[in-house]
Amino acid sequence: MAAAKPTFTDSLSLCLAQLAAAAGEGLSGERDSATNETPLSRALFLLRTRHIKAAGGIERFRARGGLRPLLALLRQAAAAGPAPSQAGPGSAPSSDASAAASDPTPSSDSAPSGGSSAPSQPVRLRKTLDLALSILANCCTEGACRAEVRRLGGILPLVTIFQCVKTDSIQNRTARALGNLAMEPESCGDIHSAGAVPLLVESLTACQDSQCLQSVVRALRNLADSPQHRLALAQQGAVRPLAELLATAPDSSLTSALVRALLELSRGCSRACAEQLSLGGGLGPLVSLASHPKRAVREATILILANLCAQGLVRPALGNAGGVEVLLDELRRRRGPAGASPASQQPLVRAVCLLCREAINRARLRDAGGLELLMGLLRDPRASAWHPRVVAALVGFLYDTGALGRLQALGLVPLLAGQLCGEAGDEDEEGREAASWDFPEERTPERAEAGSFRSLRSWLVSEGYAAGPGEISPDWSPEHCPPPEPVEPVSPTPGPPSLRTPSTQRTPSTLRYIVVGRNPVTSPEEPWGREGPALLLLSRFSQAPDPSGALVTSPALCGLLAYVTGAPGPPNPRALRILARLTCNPACLEAFVRSYGAALLRAWLVLGVAPDDWPAPRARPTRRIQHRELGEMLLQNLSVQAESPFGVGALTHLLLSGSPEDRVACALTLPFICRKPSLWRRLLLDQGGLRVLLTALTRPAPHPLFLFFAADSLSCLQGLVSPTVSPALPPVRPLDLEPPSPCLYKPLLGPAPIPAPDLYFLLDSGLQLPAQRAAAATASPFFRALLCGSFAEAQMDLVPLRGLSPSAAWPILHHLHGCRGCGAALGPVPPPGHPLVGSEAEEALEAAGRFLLPGLEEELEEAVGRIYLGPHGGPESVGEVFRLGRPRLAAYCARWTLGPGQCPRKRALALVGLVEAAGEEAGPLTEALLAVVMGNELGTKVPA
């Protein structure tokens with residue numbers, strides 16, 4: 001009876017048993033005459049083709065202990081040749097390794113089969129080794145097997161085999177196994193320590209088989225798992241052979257493997273990596289592969305080029321190879337409507353910004369539309385984390401006049417001003433190796449000083465710029481300090497020492513600092529924070545003959561002032577110099593007027609009210625004294641320009657021939673910058689500038705702070721017209737402390753009135769109020785005609801008074817009987833915070849006018865003024881009082897608003913209330929404000 005066929009499990013057991021037996025006896029064994037192969041070869045063949053490839057086969061093989069005998073076989077194979085040196089990663093392979101591997105003696109018992117001779121023993125040994133390495137490489141695709149191989153010490157035999165056996169198939173499978181093992185960080189370090197890297201690098205140049213090369217390239221890629229290992233690979237020359245292979249890759253699979261390996265090796269690109277990639281001629285092929293049809297190759301190539309930009313020494317060559325255009329096109333594509341996420345744009349943005357550090361690449365970037373792309377990044381709020389990097393990159397165009405003009409036309413200045421107070425980005429600082437290669441550092445052995453440096457130092461010492469040779473470091477280069485600014489204009493009027501415009505005269509100490517300084521700016525007088533690049537660009541724009549179109553605008557001025565007043569510490573002096581330079585430039589005068597810049601300087605710096613502080617105040621850093629001094633100095637600079645012959649002509653043209661908006665802006669600004677009486681009187685009073693401003697109050701506001709500016713301007717003009725007379729309301733004593741006058745109507749209200757009333761007024765409510773006919777007829781022409789004339793009421797003892805409430809009738813009866821100041825006029829006036837329109841006070845005022853009682857009208861208006869415009873009233877009460885439509889009350893409101901001792905914020909809020917109350921009827925408000933400003937109402941009676 002035939003024997004039963006062995007099961008799958010029995011077959012695995014038999015294979016493992018044969019493997020274990022061979023591990024104990026050696027690689028050679030008895031050859032089966034029927035199959036012409038050894039039992040070990042059959043077992044290895046079955047393991048590779050049947051058991052390992054089955055589902056869960058690798059785990060079963062490991063669990064059954066198959067890795068230990070397999071590694072024992074590999075150790076026996078490794079023992080056939082010399083062991084690799086343990087000196088470290090730099091050890092070199094043996095030159096006679098191949099001969100040592102093929103030295104075993106052929107077997108003597110080989111028999112012919114099928115008419116052909118049996119394979120020699122070295123051939124069988126290589127076949128056995130090939131199968132064993134294939135099994136091990138497949139097992140190492142799983143993490144548990146990789147850990148056990150490392151624990152059993154299987155890495156060193158693999159390195160020895162790779163060194164000794166130079167057959168392509170053996171090298172291929174050994175490199176594949178090492179690559180799989182390198183996926184574990186611990187195993188990766190052991191492979192580096194075993195000296196495998198030089199062997200892999202040598203195989204790149206010696207091997208011609210594409211499959212073997214792919215396995216070696218993959219192993220190198222997996223060995224680059226950390227910055228330390230990537231640096232070790234580059235230092236051992238792993239990058240240059242990869243770059244050379246890339247130029248001559250025979251097939252797309254090898255090209256893809258090379259690109260992936262170079263991408264991994266170029267992460268955090270080191271100087272050695274960049275040098276080898278450039279020397280290996282890899283830049284040109286990489287730029288060509290950026291248009292590869294396969295997306296994976298194309299994107300990996302783009303990232304390699306972006307990584308290379310971190311090294312300044314390779315950026316010029318990268319630009320010559322066309323890398324600038326490639327990176328710009330890719331970044332433009334990713335920022336398109338169907339582009340990628342912002343995270344994928346980050347390496348490209350970094351690369352493009354680094355390319356701006358060399359002049360040759362800046363020219364290419366400008367010609368390829370890179371300026372527009374960078375400006376798009378600055379405008380994109382989603383790219384706010386990259387804004388500081390982009391601004392720093394634009395500093396490279398500081399002296400490129402054409403590029404600066406283009407950037408200004410694209411709107412760079414307001415974006416820079418907005419960057420001054422923006423949040424810091426999340427970009428890391430670049431190392432020294434990313435510095436501009438336009439100024440390569442001099443590398444001399446043992447810090448020997450080059451002749452060029454000795455010449456520079458000798459000249460600096462001879463000219464007095466340095467006290468001695470030791471003050472100047474040999475590591476200095478122009479890249480380490482910012483470009484010096486040209487000589488800046490100094491304010492024509494002396495300002496405070498701390499805020500006076502710094503002189504840029506080149507002194508020995510100044511130049512010595514610039515040469516010796518290691519950082520961009522480290523002097524306490526020139527702090528270099530994240531706002532430094534933006535201020536440097538703004539300073540460059542401000543040095544143009546006419547910078548008004550770019551810098552003297554509301555966004556630019558707001559950005560500069562927000563930085564000066566909002567900086568947590570002392571602001572950069574460059575910002576103060578920019579403001580001083582602008583205010584001293586006659587070409588900027590009209591722009592300061594048109595943009596309400598002078599009013600903004602006064603409001604923000606002198607009065608401490610910023611646009612975001614209006615109308616609700618916000619907490620700000622307290623350096624009010626310094627800000628006030630700076631604001632007064634800048635306004636004084638503008639006054640010098642305005643009172644010059646050029647300034648007088650410019651202001652006159654704006655006021656008389658300008659657009660309606662320009663005329664309003666000129667009239668509003670004149671009180672701030674004109675101190676000559678002949679000038680402001682002619683422009684504001686004689687030529688109607690004041691009336692132009694007052695008429696514009698009720699129109700749509702041309703500026704968010706227009707009414708604040710207008711209130712401040714009218715107050716300043718009032719001080720110029722009447723500098724010694726105060727038109728404000730006199731101090732008001734509390735009502736409960738002021739003694740009232742005797743009441744003459746009260747005796748008529750008692751139970752025994754003296755004299756007895758001869759007349760009663762009947763109100764609509766039915767209330768009867770006693771009165772004296774003679775007193776009423778004497779106090780008012782209306783009641784004289786009513787009570788003593790030919791009307792029926794002259795014969796009546798009960799005279800009806802229609803449309804009059806008791807509270808409104810009460811002050812009328814008191815006034816008819818001679819009461820003045822007895823307090824009756826205060827009765828119908830509601831407390832502050834209540835509306836006056838429709839109140840009993842308005843009813844009493846109308847009744848006083850209807851009954852021809854001007855004295856009572858004045859007394860009621862004075863009472864309203866004392867309550868609403870007194871100590872308990874606020875700016876919101878001014879508009880409420882103005883709504884009553886009384887000319888005298890309108891004058892009171894104007895005086896309260898424009899009083900010189902009034903808080904600027906309250907003054908502006910009061911003017912806002914007046915404008916809202918006036919509505920479309922601007923005439924009464926204009927006349928009231930005009931009378932107060934001109935001082936025409938100073939002699940009239942005001943509320944006591």
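Contact here means heavy atoms within 4.5 Å. Keep that in mind as you explore this predicted model, where local features need pLDDT of at least 70, side-chain atom pairs count only at pLDDT 80 or more, and totals for chains, interfaces and linings use all residues. Residues are numbered from 1 along each chain as its sequence is written, and side-chain values use heavy atoms, leaving out hydrogens and water.

**Stop 1: Phe-61**

Select Phe-61. Leaving aside neighbours within four places in sequence, Phe-61 is in contact with Leu-16, Leu-19, Leu-47, Ile-52, Gly-66, Leu-67, Leu-70, Ile-135 and Cys-139.

**Stop 2: helices α11 and α14**

Now select residues 196-206 (helix α11) and 239-247 (helix α14). Helices are DSSP runs (H or I, at least four residues), numbered from the N terminus. The axes, which are lines fitted to C-alpha atoms over the stretch in contact, have angles from 0 to 180 degrees between N-to-C directions. Here the angle is about 25°, and the axes are 9 Å apart. The two helices are therefore roughly parallel (angles under 35 degrees). Show Val-201, Leu-204 and Thr-205 in α11, which meet Pro-241, Leu-242 and Leu-245 in α14.

**Stop 3: helices α43 and α45**

How do the axes of α43 and α45 cross? Select residues 806-816 for α43 and 854-868 for α45: their axes come within 10 Å and cross at roughly 130°. Finally, show Pro-811, Ile-812 and His-815 of α43 with Gly-855, Leu-856, Glu-859 and Leu-860 of α45, the residues that make the contact.

Technical notes. Angles under 35 degrees count as roughly parallel, over 145 as roughly antiparallel, 65 to 115 as roughly perpendicular and the rest as oblique.
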